[in-house]
Amino acid sequence: EDRSGARGGPTEGGRKESSARTEGREGRMNFLGFKAPVTVDAELFKGDGVKPELVTVRSASGVPETIPLYKDGDTVSGFVTVTPGFGKKVDHQGIKIELLGQIEAYYDKGSFYDFIAAVREVAGPGEIKEETKFDFEFPNLEMLNESYSGVNVRLRYVVKVTIVRSFRGSVVTDFPFCVRNTTTLPEINNSIKMEVGIEDCLHIEFEYKKSKYHLKDVLVGKIYFLLVQIKLKHMELEIRRRETTGSGSNQYNETQTMAKYEVMDGAPVKGECIPIRLFLSAYDLTPTYKNVNNKFSVKYFLNLVLVDEEDRRYFKQQEIHLFRTEM
């Protein structure tokens with residue numbers, strides 16, 4: 001039965017074709033810390049035996065992991081293999097397989113908000129004496145939110161297998177998978193024109209061809225020096241990511257510099273024009289996420305930094321919108 005049909009944002013990484021066999025986590029030990037008397041493994045498919053592509057992402061602990069890749073509307077299916085320890089049997093009160101979409105805020109560690117929760121009861125109370133397989137299928141899932149692992153929050157999808165045991169503690173194993181979604185190119189994509197000025201000292205105009213970029217795009221622009229009366233020695237363009245979580249007094253903002261591009265090293269002269277060409281695919285970027293389930297947002301900004309010979313720094317910032325056009 002489905003407990004919820006609720007609607008369901010990542011780090012980027014390489015992808016590859018391979019077996020979709022997934023190593024479970026968090027389920028090899030029971031709650032007392034003793035080795036679990038059973039191992040649980042799963043192989044995930046997209047329905048009809050179709051294996052999903054695998055993608056390498058950064059886990060919450062910062063370690064790269066390779067997991068299956070899905071998109072909104074996909075079917076998540078597969079089978080779970082339960083293997084008792086050698087010469088042992090496992091008594092249980094039932095076995096269930098859940099598919100969960102969860103948001104976890106790190107400032108509230110251990111507290112998950114489930115925006116998708118579906119469950120299949122695959123076995124009633126009994127015992128397992130030998131390797132046993134259990135099929136499952138969650139068809140045509142609405143997974144509108146992308147997987148995301150940030151500084152203060154993560155959004156994850158897991159297939160969770162629970163062998164219910166009342167006396168020795170249940171055996172719980174998570175099998176994570178990644179969700180990414182594509183969008184079409186925007187019909188309107190205005191250019192960005194801005195000025196940086198210090199009265200009677202500095203006047204700079206900079207222009208970018210558009211304000212919305214896909215993750216494999218090239219940022220193209222120009223910087224014009226109209227007035228230069230102070231001695232600049234360095235200029236760089238940064239891409240910054242601002243992650244906002246929580247609300248009110250519990251709101252947290254975290255800004256990361258995702259990319260740095262040296263525009264100029266040395267003093268410019270009046271009338272000079274410097275071209276900019278920045279390849280976004282070289283950086284670990286995600287799409288822009290706006291108010292995901294009222295839990296978090298992710299925005300990106302272009303930040304122009306100028307440094308004079310006395311090491312004073314001048315900034316000008318402009319928001320850009322990032323989106324995904326391919327998996």
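Two strands are treated as paired if DSSP finds at least two bridges between them, and strands (E, at least two residues) are DSSP runs numbered from the N terminus. The legends below describe a predicted model, in which local features need pLDDT of at least 70, side-chain atom pairs count only at pLDDT 80 or more, and totals for chains, interfaces and linings use all residues. Residues are numbered from 1 along each chain as its sequence is written, and side-chain values use heavy atoms, with hydrogens and water left out.

**Figure 1. Pairing of strands E18 and E21.** Strand E18 (residues 218-228) and E21 run antiparallel and are joined by seven bridges. Within this pairing, Lys222 has Pro275 of E21 as its bridge partner. The two strands belong to an open sheet of four strands, ordered E15-E16-E18-E21 with antiparallel pairing. Strand E15 (192-198) and E21 form the edges, each pairing on one side only. From one strand to the next, the twist averages 20°; axes are lines fitted to C-alpha atoms, and angles run from 0 to 180 degrees between N-to-C directions. In general, strands of a sheet pair through backbone hydrogen bonds.

**Figure 2. The loop around Val269.** Val269 is placed in the loop between strand E20 (252-265) and strand E21 (273-279). With a relative accessibility of 51%, Val269 counts as exposed (buried means under 20% relative accessible area, exposed over 50%, and partly exposed in between, with a 1.4 Å probe and protein chains only). When residues up to four places away in sequence are not counted, Val269 touches Phe225 and Val228, contact being defined as heavy atoms within 4.5 Å. The C-alpha atom of Val269 is separated by 9.2 Å from that of Gln229, a residue 40 positions apart along the chain.

**Figure 3. The aromatic cluster.** Tyr70, Phe115, Tyr157 and Phe177 are linked into a cluster by ring pairs. Rings of Phe, Tyr and Trp (its six-membered ring) pair if their centres lie within 6.5 Å; planes under 30 degrees apart count as stacked, over 60 as edge-to-face and the rest as tilted. The structure holds eight aromatic pairs. The pair of Phe115 and Tyr157 is edge-to-face, because the ring centres are 5.7 Å apart and the planes stand at 90°. Phe115 lies in strand E9 (residues 112-123) and Tyr157 in strand E13 (residues 153-164), so this pair ties together parts that are 42 residues apart in sequence. Phe115 is buried at 1% relative accessibility, and Tyr157 is buried with a relative accessible area of 0%.

**Figure 4. Phe177 and the largest nonpolar core.** A nonpolar core is a set of buried Ala, Val, Leu, Ile, Met, Phe, Trp, Tyr and Cys residues joined through side-chain atoms within 4.5 Å. The largest has 71 residues, of which Val159, Phe177, Ile204, Tyr208, Ile223, Met235 and Phe296 touch the most other members. Leaving aside neighbours within four places in sequence, the contacts of Phe177 include Leu44, Tyr70, Leu99, Met143, Tyr157 and Val159. Another core, of five residues, lies apart from the largest one and has Val55, Val57, Ile67 and Cys178 among its members.

**Figure 5. Strand E12 at Ser149.** Ser149 lies in strand E12 (residues 148-149) and counts as buried at 7% relative accessibility. Between Ser149 and Ile103, 46 residues apart in sequence, the C-alpha to C-alpha distance is 9.9 Å.
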